[in-house]
Amino acid sequence: MSVEDAQNMISNNPRDIPRIVPGRACGSCMMCCKILRIEELDKPTGVWCKHAVTGKGCGIYDDRPRTCRAFFCNWMRDASLGPEWKPDRAKLVVRVQRNGTNLEVSVDPSFPRAWTRQPYYALIKRWAQGSAQHRRYVFVSIGERTIVVLPDRDSDIGRVGRDDHVIITRRVGPAGLVFDIEVKRGVLVKT
Ligand code: SF4
Ligand code: SF4
C-alpha cells in the first residue's frame with residue numbers, strides 16, 4: 001500500500017457509483033481539490049488545484065478528470081459522520097483507500113494538527129482500535145507525511161511517497177497484540 005494510492009476506487013461502471021447520504025452535498029467545500037493527489041493533472045497532495053476557483057468551484061467542471069468525477073469522501077457517504085466532519089469545517093478528508101480496506105484521514109496541511117482535535121481524534125482512535133484486529137489500518141496523511149494510528153500508539157513514519165510500501169505486521173506480546181511497521185522504499189505496488 002502506498003499513500004499515493006489512496007484515492008478512492010474509481011470505476012466507469014455506474015453501478016459502482018457510491019451511495020450518497022440523502023440531503024448531503026459538497027456545497028462550498030472544495031477540500032478534495034486541495035488534499036487529493038490528481039494523477040491526471042500531475043497535482044501533488046496538499047496544494048490547491050490550479051483549476052479550483054475560490055467561492056465558485058471547479059473551473060473545468062465539464063472536463064474535470066476521472067479521478068475528480070469518481071471521488072466522494074466518506075462524509076458524503078456515511079450518515080454517521082455528523083456536520084462537524086464536513087471536510088471544509090474539519091480540515092480533514094476521510095476516505096477508504098484504493099485497496100478498499102484501510103482508512104485514510106487526509107489533513108489540510110494548513111491545519112496539520114486538525115486530526116488531533118476533539119471530537120476527531122477520539123473517533124479516529126476508535127476506528128483504529130476496532131479495525132486493527134481485522135488487519136485494517138488507519139492512516140493520517142499530512143501532505144506526504146504519514147502517521148499510522150494503531151490501538152496502542154500513533155507512529156509517525158515520515159514521508160511516504162507513491163513508490164513506497166507500508167507493511168504492518170502483528171504478533172502476540174505479553175500484553176496483547178503488538179504491531180510492527182516497516183516502510184519499504186521505492187517499491188511500486190500495483191493495485
Ligand atoms: S471533500 Fe467531500 S464534501 Fe468536500 S468537495 Fe470533496 S467530496 Fe465534496
Ligand atoms: S480539476 Fe476541478 S474537481 Fe478536479 S481537483 Fe481541480 S478544481 Fe477540483
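Which residues point one way from β3 and which the other way? L92, V94 and V96 point one way, V93 and R95 the other, and all are buried. The views below place this strand in its setting. The model is predicted: local features need pLDDT of at least 70, side-chain atom pairs count only at pLDDT 80 or more, and totals for chains, interfaces and linings use all residues. Residues are numbered from 1 along each chain as its sequence is written, while chains are lettered from A and ligands numbered from 1 in the order in which they are written.

**View 1. The whole protein has five helices and nine strands.** Helices (H or I, at least four residues) and strands (E, at least two) are DSSP runs, numbered from the N terminus. From that end the elements run α-β-β-α-α-α-β-β-α-β-β-β-β-β. Of the 191 residues, 31% count as buried. Buried means 20 or more other C-beta atoms within 10 Å of the residue's own; exposed means 12 or fewer; partly exposed lies in between; C-beta atoms are placed from the backbone. Among contacts with a separation of 6 or more, 52% come from residues 24 or more positions apart. A contact requires C-beta atoms, placed from the backbone, within 7 Å.

**View 2. β3 pairs with β4.** Five of the five residues of β3 are buried. In a regular strand the side chains alternate between the two faces of the sheet. Five bridges join β3 to β4, and the two run antiparallel. Strands count as paired if DSSP finds at least two bridges between them. V94 has V105 of β4 as its bridge partner. The two strands form a hairpin with six residues between them. In the turn, G100 has a positive phi of about 75°.

**View 3. Five strands form an open sheet.** The order is β3-β4-β5-β6-β7, with mixed pairing. β3 and β7 (154-159) are the edge strands, each pairing on one side only. Neighbouring strands are turned by 20° against each other on average, direction ignored. Axes are lines fitted to C-alpha atoms, for helices over the stretch in contact; angles run from 0 to 180 degrees between N-to-C directions. Five bridges join β6 to β7, which run antiparallel. I147 stands opposite D156 in β7. α5 packs on the sheet and touches β3, β4, β5 and β6. The direction of α5 makes about 140° with that of β5.

**View 4. The largest nonpolar core has 34 residues.** Such a core is a set of buried Ala, Val, Leu, Ile, Met, Phe, Trp, Tyr and Cys residues joined through C-beta atoms within 7 Å. C32, V105, V138, V140 and V149 have the most contacts inside this core. At least two core residues come from each of α1 (32-35), α3 (74-77), β3 (92-96), β4 (103-107), α5 (120-131), β5 (138-142) and β6 (145-149). Leaving out residues up to four places away in sequence, C32 touches F71, C73 and V93.

**View 5. Ligand 1 has a shell of twelve nonpolar residues.** No polar and no charged residues belong to this shell. Ala, Val, Leu, Ile, Met, Phe, Trp, Tyr, Cys and Pro count as nonpolar, Asp, Glu, Lys and Arg as charged, and the others, Gly among them, as polar. Around ligand 1 stand C26, C29, M30, M31, C32, F71, F72, C73, W75, M76, P87 and V93. A shell residue has its C-beta atom, placed from the backbone, within 6 Å of the ligand.

**View 6. Ligand 2 has a shell with one polar and one charged residue.** The other class, nonpolar, supplies eight. The surrounding residues are C33, I38, C49, H51, A52, C58, I60, R64, P65 and C68.

**View 7. R135 and R136 lie in the loop between α5 and β5.** R135 has a positive phi of about 60° although it is not a glycine. R135 is exposed because 11 other C-beta atoms lie within 10 Å. R136 counts as partly exposed, because it has 18 C-beta neighbours inside 10 Å. Leaving aside neighbours within four places in sequence, R136 contacts T101, N102 and S131. R136 and N102 are 34 residues apart in sequence but 5.2 Å apart in space, C-alpha to C-alpha.

**View 8. A cis peptide bond joins Q118 and P119.** Omega is about 10°. P119 lies in the loop between β4 and α5.

Key
Contact = placed C-beta atoms within 7 Å.
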